[in-house]
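This report is meant for a reader who meets the structure for the first time. Please look at the sequence and the model together before reading on.

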Amino acid sequence: MHTIRHTVLVLLAGLGLLLAGSPAQAHFGMLIPSTSTVTEKAAADLTLDIAFAHPQERRGMTMEKPRAFSVFRDGKAEDLLGALTAAKFLDSKAWQARYRIQRPGVYQFAVEPEPYFEPAENCYIIHYAKTVVAAFGEEEGWAEPLGLKTEIVPLTRPFANYAGNVFMGRVLLDGKPVPGAEVEVECWNRDGRHVAPNEYFVTQVVRADENGVFVYGVPWAGWWGFAALNSGDRRPGPEGKPVDVELGAVLWMEFAAPRTR
């Protein structure tokens with residue numbers, strides 16, 4: 001009995017070391033519209049999926065109703081919180097909204113979630129996610145910040161990009177660039193056909209420069225999320241003790257494969 005018990009303890013200890021040494025699994029706030037460009041009226045009725053998940057691994061997480069959901073156009077914000085309906089995303093609680101684009105413009109959608117407490121990391125996670133949709137030939141205003149607590153301001157046009165393009169963005173926190181910000185990158189593995197060689201490949205990681213600017217070359221077509229991570233002010237956790245807060249500035253973009261004749 002002693003030998004068996006000793007063996008079990010050794011195995012559990014080894015498993016703990018293995019897990020501790022594994023790359024951290026990234027969380028992503030998700031905001032995915034049915035299209036990133038609208039050129040015909042048939043595509044003007046957008047469906048937007050709003051969720052919290054591990055997009056490359058296709059693992060959903062529970063997302064409570066967001067605190068805010070808005071669309072920005074020509075410097076004006078429209079509250080869309082009332083347009084949200086409960087939905088399922090990867091078998092987890094999520095949200096969905098419909099929005100009809102009626103005129104030319106660049107539409108920036110943004111969501112602020114309720115803080116999510118992650119017991120494994122003993123911290124709250126707050127991901128401010130946004131995406132950009134261009135409609136009917138208009139493409140002005142895509143580089144304008146929205147004034148979110150934290151956000152990625154694109155320096156590359158955030159729509160009508162090909163797979164293989166290089167994307168450049170600037171990380172802002174309280175409206176100021178974040179030198180050396182860490183940016184995690186994952187694709188929305190919608191159909192599950194992209195399999196990482198091992199766990200290190202699941203989440204790509206780049207660092208911003210001293211001006212908060214980062215660059216990433218997108219390897220294949222699909223929706224890609226860029227999550228710039230920073231620390232917020234500590235707040236009381238579920239047990240009343242102060243815990244860390246992870247602030248994520250998340251930008252979702254579509255990269256397309258060229259059509260052939």
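The text below turns to the nonpolar cores, then to cysteines, and then to salt bridges.

This is a predicted model, in which local features need pLDDT of at least 70 and side-chain atom pairs count only at pLDDT 80 or more, while totals for chains, interfaces and linings use all residues. Residues are numbered from 1 along each chain as its sequence is written, and side-chain values use heavy atoms, with hydrogens and water left out.

**Nonpolar cores**

A nonpolar core is a set of buried Ala, Val, Leu, Ile, Met, Phe, Trp, Tyr and Cys residues joined through side-chain atoms within 4.5 Å; buried means under 20% relative accessible area, exposed means over 50%, and partly exposed lies in between (1.4 Å probe, protein chains only). The largest such core has 39 residues, and those with the most contacts inside it are Met 30, Phe 69, Ile 101 and Phe 109. Among the elements that give two or more residues to this core are strands S1 (28-33), S3 (45-54), S9 (105-112) and S20 (242-256), strands being DSSP runs of E with at least two residues, numbered from the N terminus. Strand S3 gives the most to this core, with six residues. Leaving aside neighbours within four places in sequence, Met 30 is in contact (heavy atoms within 4.5 Å) with residues that include Ile 50, Phe 89, Trp 188 and Trp 252.

**Cysteines**

Cys 187 is buried, with a relative accessible area of 3%, and Cys 123 is buried as well, at 6%. A search of the whole structure finds zero disulfides, a disulfide being a pair of cysteine sulfur atoms within 2.5 Å.

**Salt bridges**

The search for salt bridges (a side-chain nitrogen of Lys or Arg within 4 Å of a carboxyl oxygen of Asp or Glu) finds 10 in the whole structure, including those in this table.

| Salt bridge | N to O distance |
|---|---|
| Arg 67 and Glu 114 | 3.2 Å |
| Glu 151 and Lys 130 | 2.8 Å |
| Lys 149 and Asp 174 | 2.9 Å |

Glu 151 lies in strand S12 (residues 150-154) and Lys 130 in strand S11, so this pair ties together parts that are 21 residues apart in sequence; both residues are buried. Lys 149, by contrast, is partly exposed, with a relative accessible area of 34%, and Asp 174 is partly exposed at 49%.

Definitions and conventions: Helix = DSSP H or I, 4+ residues; strand = E, 2+ residues; numbered from the N terminus.
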